[in-house]
Amino acid sequence: MDRRHFLKNTALASGALMIPAFLKPFEALAKSDLTGYKNLVIIQLSGGNDGLNTIVPYGNDIYYQKRSTIAINQNDVVKLNDIQGLNPALSALKEIYDQGWMSIINSVGYPNPDRSHFRSMDIWQTASDSNQFLTTGWIGRYLDSNCQTCSKPYAAIEVDDTLSLAMKGAKMKGIAVQDPNKLYQTTREPFFKDLVHDHSVDNLSEDNLGYLYKTMIETYSSAEYIQNTSKTYMVKGEYPATQLGNQLKTVSKFINSGLQTRIYYVSLSGFDTHVRQQDQQARQLKIYGDAVAAFVKDLKQSGKLDDTLVMTFSEFGRRVEQNASNGTDHGTANNILIYGGKLTKAGFYNEAPNLSQLDNGDLKYQIDFRDVYATLLDKWLDINNGQILTKSFAGLNFV
Amino acid sequence: MDNLKQIKHLYSRAGFGLRFEDMQSFANLSVKDAVKNLLDAVDDPVAAIATDTDYTPAMKADVAARKMFMQQQRQEEKDLNIAWMDKMMNTHAVLQEKMTLFWHNHFACRSNKAFFAQQLNNIHRANALGSFRTMLFQVAEAPAMLQFLNNQQNVKNHPNENFAREVMELFTIGRGTYTENDIKESARAFTGYGFNKDGEFLVRRLVHDDGQKTFMGKTGNFTGEDILNMLLERKETAHFISNKLYKYLVNEVPDAVHVNAMADVFYDADYEIKPLLEYIFTAGWFYNDKNSGNMIKSPVEFLVGLSRQFYITYDKPEILLQFQKVLGQVLFYPPNVAGWPGGRNWIDSSSLMYRLKIPSTLLDGGLIDFSGKADPEDEAYLATVRNQAQFVSTRVQSNANWDKVLNGIPKDASNAAIAGFMLEPKLNNVILNRVNGAGDTKAMMIELVSTPEYQLC
C-alpha cells in the first residue's frame, strides 16, 4: 500500500481529478474545427441586482421621485438613449455598447413572482413556473438531451468550486473547474488511479455504484482534456485583478484554446442591497462592468466574439421605491444584459420599464425569462426549446 | 445474509453505520432485538438557542446595529447547525436522529430565526418515532412553518394559498388527489392561523373565515384542524408517506407491493410511526441483496457516519458547515419547500471529488482550500461585507481517536473482513488486491473510506 504517497497529498483542491491512462489522449483540433464553435457564457448576479440603478431610467421623473436619496444623478448617468443610461460604475461598458456588442432587454420576469432569494433563484435556474418544483436545471436538461453538441462530459463548465443547480441534469451534469491546472495536478493519486483503471465506462453497471464510477472516470478524462487543451494558450487581453476578472479570463482561455465546451457559467455575489445601496452596488457593478468589458474586448481581439454570446441575469430586480435605509427591497422584473459580436438587435431590445403602472409597487414583467432561454436554445445551441423547457416558448430576436 | 450482515445493514439504514466496537456485542443480537433497541432509544431536544431574541428594533435602527444583528443571526444559525451535527455524531438514539433528518426534509422549511428553526427541529425529533398525526398538527402551528409558507398573510377575503397547497402537495396526500378548488377552500379554513410576537400560535378570530367551505366533496364550517383530519382520513396520505419513507430507508425505486403493505400498517396504526418502522425493519425484503449497499448517502449521513466510525472531534466545528456547503446539503437550508431531491442528485464531478478527499483530510490533518458558493440568503450579509472574496485555506483541526478505532477491531479479523465491514457494496478486485497486500491497517482504512463504495449504504 502506497500510504506515503496517498496521504502526503491530503490538500483538498477545487475541481479535481485523475485520468485513466486507457482513455485516448485528446487529438488536437484542426484549425478549421476551432472556428464557428458557438459558446454561451452565463453570468449570474446573486442577491437580486437593482436593475433600475444599473440601467438607469434617468429620463423618467418618477424614478427620481421614488428614489430621493439613492437615484443616480442625471449628470452622472452614462447616457445611452433619451431615457436610459448606465450607472457610472459601468462606464467601461459604454464602448461595448457603442460598438453594437450589447443588447439590453428590459422588464424580464415571470408570472406570480417570488421574492425569496433562494426560491426565485431556483425558478431561474430550473426554468420552472413559480409554483412548480423541478430538480434539474435548464442547462442540465440541455446536457441530458444528448444532442450532437452536448454529449461530452465537459460540454458545460462552471468556473467555480461547486456546481449550480442550473448545470445539473437527471443523467448528465456540468463540471465545476475553478483552476484547470490545480484540477489536473490533484488528479495523480495512485490509489484513485488504480480504482479508475479497473473500470471502463462501457462495463459499468446501471446501479448507483456504476454511476459513481462513471462520474469519477468522466471527471478524470475531462480534467485531462481541459488541461491538455488549454495549458499552452496565453490569454492576451488585460483583465482586472478581481475574482470575476480571473474567472472570465479562465473562460477566455478555454474558448480561445478551442475547448469543445458550449456553456460556461460564472457568478458574482453581493447584490442584496437593502442598506446603503449606492456604495455597495457601485462596488459590485464596477467589478462586473470592468471584467465584462475586458472579456468582450479580449474575445474581439482573438476573433471569437462572433462565436460567443454572454447573458447576465439576477434572480429578481428590486422595488421601485427605495426603503428607509437608503437601500431597496426585493422586487420582481429586471433587465437581462446580452453581449456578443453578432447581435441582430443591439442596443435596447424593448422599451424602458413602465414606472407609472406598477403591480403593488413592483415593475410588471413584459418578457418571460424563458423566452430569453428559448432564444438561446433555438438560435445558439441548436436545440428545440420545447425539449428543454416545460413547454415551447416563442423566443425573441436579439440574435 | 448472515446475522451480522443483517445487523450491519439495519444500522446503515436505521442509523449512521456500525462501529467496530459494536461488532462483537451486536453480532449475537437477533434482528428483532436490535430493532427494539433502535425503536426504544430516545435523546433530548437540541437546545443551542436559549431565547427568542426580538430583532425588530435592530432592523429599524442604524446600519451598524443592523450589521450586528445579521452577524448575531448568522452565529445563531451556525450554533444550531453544529449542535444538531454534534447530536447526530454522538447520540445513542440513532434511529430517532435518522428519522428527524427524514422529517426535516419532509417538512422542509427555512427560517431566519434560529429559535424558530430549533423549535421545529425539536417537533420533528419529539415525534420522530411517535405519531405522524401529532407531528402534522404541531408543524402546522409552528411559527417557522407559518412564516415560511406565508400563512401570516392568509386572511379572510384575501386568502394566501401557499400553506394549504404545500400541506397537501408535499406534507400529506400528494399531487393528483385534490383540485385547485380544494386548495382555495382549505386556504380559507387556515385564514387567521398565525403566531404572536412571543412566537405563540394563535387563531386571529377577526381575520379567520368561519363561513361554509366545500372540501373534497364535504361541506361545513371547517377549521384548519378539520382539514388536516380529513387529509389523514384519506388513505392516500398513508401511502404518500410510506412511499417517501421506502425511498429513504429501503430503495430509491419503490416496490409497489411493499409500499402498499406499509401503507396498510401505517393507516391501521392511525399514523403511529413505530409500528411502521418495525414492519419495515423486520420484513424479509428489507434484507434482500437488491436493497443493500445501493443507496447514496446524503452529505450529512456521509459526514456523520465518518465522524462516528472514527470518533472524530472538531476543534473548529464550523468546518462542518463548509463541508455541508460544498457537498450540497446545509442543514436548515433546504433548496426549496420540496426538500433535497437526494439520490444521484448528490453526486457531480466536484461533490464526488470532495467526498473522496474529505476522509483523508479529516483523518490525517489535511488542508482545505475551497469555500463553496454562498447561499442566496447570505447575500444581504455579503453585501455589507467589504472583502467578500475570502479564500479559505484552513487546517481542518480534527482529531480521530485511532487507538479506540484500532482496539475495536477483532484481533483475528483479516484485512478483507475489515474492508467488508466498512463498505456495504460487494468489493471489487482492485480493493480486494489492495487490502490483501496492505501492511498498515490505518492507511488501509483511510483508503477504504476514500472510495466510491463508501458513498453507498
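Two strands are taken to pair if DSSP finds at least two bridges between them. In this predicted model, β3(A) and strand β4 (residues 85–86) of chain A meet that condition, pairing in the antiparallel sense over 2 bridges. Within β4(A), the residue that stands opposite K79(A) is G85(A). The two strands belong to an open sheet of 3 strands in chain A, with the order β2-β4-β3 and antiparallel pairing. The edges of this sheet are formed by β2 (55–56) and β3 (78–79) of chain A; each has a single partner strand, so one side of each is left without a neighbour in the sheet.

Chain A also touches chain B. The contact takes 54 residues from chain A and 62 residues from chain B. On the side of chain A, the elements that give two or more residues are α1 (3–8), α5 (117–126), β7 (175–176), α8 (190–197) and α9 (208–230). Of these, α9(A) gives the most, with 8 residues. By class, the residues on the side of chain A that touches chain B comprise 24 nonpolar, 17 polar and 13 charged.

Chain B is divided into two domains: domain 1 covers 3–40 + 234–291, and domain 2 covers 299–455. The centres of domain 1 and domain 2 of chain B, taken over C-alpha atoms, are separated by 26 Å. Their contact takes 9 residues from domain 1 of chain B and 12 residues from domain 2 of chain B. On the side of domain 1 of chain B that touches domain 2, helix α2 (residues 20–27) of chain B supplies the largest share, 4 residues. That side of domain 1 of chain B has 3 nonpolar, 3 polar and 3 charged residues.

N160(B) lies in the loop between α9 (143–148) and α10 (162–171) of chain B. Leaving aside neighbours within four places in sequence, N160(B) is in contact with N150(B), N151(B), Q153(B), N154(B) and A187(B). For one of these, N150(B), the separation from N160(B) is 10 residues in sequence and 7.0 Å in space, C-alpha to C-alpha.

Conventions: Residues are numbered from 1 along each chain as its sequence is written. Chains are lettered from A and ligands numbered from 1 in the order in which they are written. This is a predicted model: local features need pLDDT of at least 70, side-chain atom pairs count only at pLDDT 80 or more; totals for chains, interfaces and linings use all residues. Domain bounds come from an automatic or database domain assignment. Two residues are in contact if their C-beta atoms, placed from the backbone, lie within 7 Å. Ala, Val, Leu, Ile, Met, Phe, Trp, Tyr, Cys and Pro count as nonpolar, Asp, Glu, Lys and Arg as charged, and the others, Gly among them, as polar.
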